[in-house]
Amino acid sequence: YTILSKVHSDRNVYPSAGVLFVHVLEREYFKGEFPPYPKPGEISNDPITFNTNLMGYPDRPGWLRYIQRTPYSDGVLYGSPTVENVGKPTIIEITAYNRRTFETARHNLIINIMSAEDFPLPYQAEFFIRNMNVEEMLASEVLGDFLGAVKNVWQPERLNAINITSALDRGGRVPLPINDMKEGVYVMVGADVPFSSCLREVENPQNQLRCSQEMEPVITCDKKFRTQFHIDWCKISLVDNTKQVSTFQEVIRGEGILPDGGEYKPPSDTLKSRDYYSDFLITLAVPSAIALVLFLILAYIMCCRREGVEKRNMQTPDIQLVHHSAIQKSTKELRDMSKNREIAWPLSTLPVFHPVTGELVPPLHSDSYDNTSMPLMQTQQ
C-alpha cells in the first residue's frame, strides 16, 4: 500500500510513481547525533525540528510535502511521485536542529522513483475523512485499516493509496481548539475494477438532494467506516479515467501536487537606467504651478480689488448718507439719555444714621455712578 522507511544517513529509497510515498524522520535516531544532558542518568528529550530541501534549492519538489506538529514529535515526508520524475534521482537534504544546544546534523535522502507497471489505475476515488489529521492518517496501521475498509466495500484486485492531502492545503479553515476537532484529510485511492454499488449510492437524486440541504446522505456501507473513520460522503469524488469524465462531481479537485515550473531564472544584473524627469514634472512641478496661479488670483482679488470707504461713499446717493447719519445720531442720543434717567433707589441705599455719632451716612455710590447697573441689595458700611 505504501513505502515506509526509517531514516538513515544517505539512505536510498525506491518509491513508485503514482503510489503514496511516506518517509518518517525519527527523533530517536537524531538524538545520538547531539550531546546528552550534563547530568548523568537524566532522560534526553531535546526539542528537535527538521528542515528538508532539494539539494541545491531552498525548497522541496512540488510533489513532496513535509509536516511536523511539535518539536517533540517525528517529522514525516510524504507525497505522490509523478511520472515525469521517473529515472531521475532526487536528493533531499535533511537538517535536524537541536533547539536546546543549537547544534545541527545533516543527512541525505536519495529518492529513486520507479515506474509502476499497473499505473495509472483507471478508477480513482477520493474520500474526505473528517476525524483525522494528516500525520495521523500517514501512520502505516491507520492507513492500512482504511485501505482494508475500502477493499471490503470495493472488492478490487489491486488497490493503492495514490495521495493524501490535508484539508488546509485545499483551502480549508483551521479548526477551533475545542472538543479535539480535526482539520480533515483527503485520501485518494485507485483500483482496477469499476466502482461498487455502495460508492455509487452518492449519485442517487435523494442523496444529492440531502447533500444540497447539508444533510447526511444515506449510504449502506457507511457502517464499515464509521467505527474508525467519519467520511463526508457529500465530498467524495469518483473519477473514471477510462471515460475521462467525472461520475459524481463536475469539477475534479487537484491531487495537491504543485506543477513543475522549471528552474528559477533570476532577473538580469544589468538594469536599464530610467529617467525620472517626466515623473517629477507630473507629480510636483505641475501641481505646484497650478497652486501658485490660484494663489496669485486670490491675492489680487483680496488685496487689489478693495473699494474702500471713500469709494463706497462716492458711489452712494447723498440722501441715503443723510438718512444713515441721522439714524446713527438718534441711536447715540437715546443711549446717552438712558444712562442719565432717574430711578427709585432701593431702601438699602438710602442715607442712615451712624449708631455712635448720629451722623447721616451717604449711600455707597456717588452721583456719577451708573445706576442702570445698580444691584437691588448692597452691603452698608
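Trainee: At 21% relative accessibility, does C234 count as buried, partly exposed or exposed?

Mentor: C234 counts as partly exposed, because its relative accessibility is 21%. Buried means under 20% relative accessible area, exposed means over 50%, and partly exposed lies in between, using a 1.4 Å probe and protein chains only. The model is predicted: local features need pLDDT of at least 70, side-chain atom pairs count only at pLDDT 80 or more, and totals for chains, interfaces and linings use all residues. Residues are numbered from 1 along each chain as its sequence is written, and side-chain values use heavy atoms, with hydrogens and water left out.

Trainee: Which cysteine is C234 bonded to?

Mentor: C234 forms a disulfide with C211, with the sulfur atoms 2.1 Å apart; a disulfide is a pair of cysteine sulfur atoms within 2.5 Å. The torsion about the S-S bond is -85 degrees, and the link of C211 and C234 is left-handed. This pair links distant parts of the chain, as C211 is in helix α4 and C234 is in the loop between α5 and β12 (237-240), 23 residues apart. Helices (H or I, at least four residues) and strands (E, at least two) are DSSP runs, numbered from the N terminus. C211 is also partly exposed, at 22% relative accessibility.

Trainee: How many disulfides does the whole structure have?

Mentor: A search of the whole structure gives 2 disulfides. Another pair is C198 and C221, whose sulfur atoms are 1.5 Å apart. Their S-S torsion is about -70 degrees, so this disulfide is left-handed. C198 lies in the loop between β11 (185-191) and α4 (205-212), and C221 in the loop between α4 and α5 (223-226), so the pair ties together parts that are 23 residues apart in sequence. Both C198 and C221 are buried.

Trainee: And what pattern do the disulfides follow?

Mentor: With bonded cysteines counted along the chain, the pattern is 1-3, 2-4.

Trainee: Changing topic, what sits at residues 280-303?

Mentor: UniProt, in an unreviewed entry, places the feature "transmembrane region" there. UniProt positions are given in the numbering used here, feature names are shortened, and annotations may be inferred rather than shown by experiment. In the model, the span 280-303 is 100% helix and 0% strand, and its end C-alpha atoms lie 33 Å apart. C303 is exposed, because its relative accessible area is 58%.

Trainee: Which residues form the nonpolar patch on the surface?

Mentor: V286, I290, V293, L294, I297, L298, Y300, I301 and M302 form it, with about 890 Å² of accessible area together. Patches are made of residues with over 30% relative accessible area and no salt bridge; like charges are joined within 9 Å, and nonpolar side chains (Val, Leu, Ile, Met, Phe, Trp, Tyr) within 5 Å. A salt bridge is a side-chain nitrogen of Lys or Arg within 4 Å of a carboxyl oxygen of Asp or Glu. Accessible areas come from the Shrake-Rupley method with a 1.4 Å probe; for residues, only the protein chains shown count as cover. Y300 lies in helix α6 (residues 277-304) and is partly exposed, at 45% relative accessible area.

Trainee: What about Y123, buried or exposed?

Mentor: Y123 counts as buried, because its relative accessibility is 12%. Y123 is in strand β9 (residues 123-129). Not counting residues up to four places away in sequence, Y123 touches several residues, among them W154, F195 and V239; contact means heavy atoms within 4.5 Å. The C-alpha atoms of Y123 and V239 are separated by 6.0 Å, while the two residues are 116 residues apart along the chain.
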